[in-house]
Amino acid sequence: MLALSACGDKPPQQPAAAPPPVTVAQPVKRTVTDWDEFTGRFEAVQEVQVRARVGGFVTSVEFRDGAIVKTGDLLYVIDSRPFEAVAEQADGQLSDARAKAELAKRELDRALTLNQTQAVSDSIVDQRRQTLQAAHAAEMQAEGALKAAKLNIEFTHVVAPITGRASRHLVTPGNLVQGSDGGSTLLTSIVSLDPIYIYFDVDEATYQRNSRLWSEGKRPSSRDTPNPVQVTLAGETKPSHDGKMDFLDNRLDASTGTLRSRAVIPNKDLSVLPGQFGRVRIIGSAPYETLLLPDTAIATDQSRKIVFVVKDDHTVEAKPVVLGPLDDGLRVIREGINGEDRVIIDGLQRARVGAKVTPKAAEIKPAGGKT
């Protein structure tokens, strides 16, 4: 009987497990603007190939490879002695032409005086007037030759036409360069850096959408308004340069279905170089009020995006949502939830639809620290 009594005892019941803890928060509500993102390439606002304008032997290079040069800085010196000799010859020819013009003027004055007493015929006066005109013409030719000779002397000092960063020198001292008359020699190149352009191609669908928003008065056109842009460089996770729209082409490229666009970006520290790539963001909507959640609160159910909401009875409910772009580290939620929902933002792996949880309230903070 004792054995039977012992076998009939029931084991003590274990206490029920507490619902798993989760962190919940209400969505952030604020005004945002959608942005469209494209890949672009930086190009210089000004780019100059520095070439020799006169031929001769290079005597010196006056800049450091890759240095910043200012307008008017000396870059190259070409032997000027041949051009100085030509200038001296032209100066002598000018002096001779001026002397002849002065003599022709005195002879004309003398002929006019004698013509008043009929001592000289009218034909002689006309001849001397024509001689004076020819002397003036020769004087002008001599002046032009002297100016050209002086310009050639000036061109032997090759200076920077713009402010920017120079490339390497392509000709060393002692080499003979050709001037503009015989296929001018390339000496170096200079690109401006501040500001700098970034070119990118906008797809046709985005262009049509933005045009529709403009016609509805919801977005200014970049043709008429310098709309803001943000640029993210390679290796960066968020935009580091702000600029404005500067140009839209007048037609779409038929082969790619894109519209060439351009923005101008300040580059005070000269860190961005022509040829670099960047991600360009341009405004894609008018400002609107919406709800936002961190991406960690969003789960995937086959082809749907869902969030888990804790109801008043502490049970979990799944709600399908329609997502928008990221804004300051948070995801725009276009449809599916309201501002009073308590959304699970931490502990998704412990939540089961229809099961109870222990919610702990928290506050969502975006990457920038705004709430």
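Me: Which backbone oxygen lies 3.4 Å from a polar atom of the side chain of T290?
Reply: The backbone oxygen of I333 does, where a polar contact is a pair of N or O atoms within 3.5 Å, one able to donate a hydrogen and the other to accept it, and residues adjacent in sequence count only if both atoms are side-chain atoms. The model is predicted, so local features need pLDDT of at least 70 and side-chain atom pairs 80 or more, while totals for chains, interfaces and linings use all residues. Side-chain values use heavy atoms, without hydrogens and water, and residues are numbered from 1 along each chain as its sequence is written.

Me: Is T290 buried or exposed?
Reply: T290 counts as buried because its relative accessibility is 9%, buried meaning under 20% relative accessible area with a 1.4 Å probe, protein chains only.

Me: And what is T290 in contact with?
Reply: Leaving aside neighbours within four places in sequence, T290 is in contact (heavy atoms within 4.5 Å) with V28, K29, R30, V32, V332 and I333.

Me: Switching to helices, how do α2 and α3 pack?
Reply: Helix α2 (residues 81–116) and helix α3 (residues 122–155), each a DSSP run of H or I with at least four residues, pack at about 160 degrees with axes 8 Å apart, the axes being lines fitted to C-alpha atoms over the stretch in contact and angles running from 0 to 180 degrees between N-to-C directions. That makes α2 roughly antiparallel to α3, a label for angles over 145 degrees.

Notes:
Buried means under 20% relative accessible area, exposed over 50%, partly exposed in between (1.4 Å probe, protein chains only). Helices (H or I, at least four residues) and strands (E, at least two) are DSSP runs, numbered from the N terminus. Angles under 35 degrees count as roughly parallel, over 145 as roughly antiparallel, 65 to 115 as roughly perpendicular and the rest as oblique.
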